[in-house]
Amino acid sequence: MEKAEEYRYYSTQRPVSIGTFPKKADNPPIQIENYRGRTWVECNTRLAWGEVVYAKPLSDQELRNYELMPSRNNHNTRQQMDAHAQVVGKWEDKKRVPYQKRLTWFYPDFGCYVAKYFVSPEQLAEQAARLGNVK
């Protein structure tokens, strides 16, 4: 049996508590976890107080309203990161950015660029936006 898609969001501003995450009837939280304190998550790309997991993605407005950050492993976030990596990777190649400073690497088996593991979705989106090709 295939596991249903989950969407994980990190609370980076405060511990998860009443009023700090959306509670909708059609998308209730599946799991809520507070850490023992602020903890590095996502390969040390961000500090978080806890996390909330949903069966469906939250809207950008909900993320802003509750100051939540999506996991890079969420399906929709992975798609955005893949699109941004193509733009940023081509630019990095063109500018001959040294490997140590790159946000992406080329995956020859699939002929595409992939975000390095320590790069956050926000870092990649910010660089893609600077290049003016992706929102």
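Analyst: Let's start with Arg102, which counts as buried at 9% relative accessibility. Here buried is under 20% relative accessible area, exposed is over 50% and partly exposed is in between, with a 1.4 Å probe and protein chains only. Before going on: this is a predicted model, so local features need pLDDT of at least 70 and side-chain atom pairs count only at pLDDT 80 or more, while totals for chains, interfaces and linings use all residues. Numbering runs from 1 along each chain as its sequence is written, and side-chain values use heavy atoms, with hydrogens and water left out.

Back to Arg102. Its salt-bridge partner is Asp93, and the closest N and O atoms of the two are 2.8 Å apart. A salt bridge here is a side-chain nitrogen of Lys or Arg within 4 Å of a carboxyl oxygen of Asp or Glu. Asp93 is partly exposed, at 38% relative accessibility, whereas Arg102 is buried. Arg102 also gives a handy sense of scale: its C-alpha atom is 39 Å from that of Gly19, a residue 83 places away along the chain. Gly19 sits in the loop between strand E1 (7–11) and E2, and it counts as exposed because its relative accessibility is 61%.

Some context for the rest. The chain has three helices and six strands, taken as DSSP runs numbered from the N terminus (helices are H or I with at least four residues, strands are E with at least two). Read along the sequence, they come in the order β-β-β-α-β-α-β-β-α. The C-alpha trace spans about 50 × 35 × 30 Å along its principal axes, and 38% of the 135 residues count as buried. If you take contacts (heavy atoms within 4.5 Å) between residues at least 6 apart in sequence, 62% of them join residues at least 24 apart.

Now the pairs themselves. As a rule, side chains of opposite charge can pair when their charged atoms come close. The structure holds eight salt bridges. One of them runs between Glu62 and Lys24, with 3.2 Å between the closest N and O atoms. Glu62 belongs to helix H1 (residues 60–66) and Lys24 to the loop between E1 and E2, so this pair ties together parts that are 38 residues apart in sequence. Glu62 has a relative accessible area of 11%, so it is buried; Lys24, at 33%, is partly exposed.

Arg130 is exposed, with 56% relative accessibility, and Glu126 is partly exposed at 46%.

Then there's a network: salt bridges that share partners join Glu6, Arg8 and Glu51. You'll find it in strand E3, and at 7% relative accessibility it counts as buried. Its side chain makes a polar contact with the side chain of Arg8 at 2.2 Å. A polar contact is a pair of N or O atoms within 3.5 Å; within protein, one must be able to donate a hydrogen and the other to accept it, and residues adjacent in sequence count only if both atoms are side-chain atoms. Leaving out residues up to four places away in sequence, Glu51 touches Arg8, Tyr9, Tyr10, Val16, Gln31, Ile32, Glu33 and Tyr35.

Glu42 is buried yet has no salt bridge, and the nearest side chain of opposite charge, Arg72, is 4.8 Å away. For charge, Lys and Arg count as positive and Asp and Glu as negative, with His and the chain ends not counted. What the Glu42 side chain does have is a polar contact with the side chain of Ser71, at 2.8 Å. Residues up to four places away in sequence aside, Glu42 touches Tyr10, Ser71, Arg72 and Asn73. Tyr10 turns up among the neighbours of Glu51 as well.
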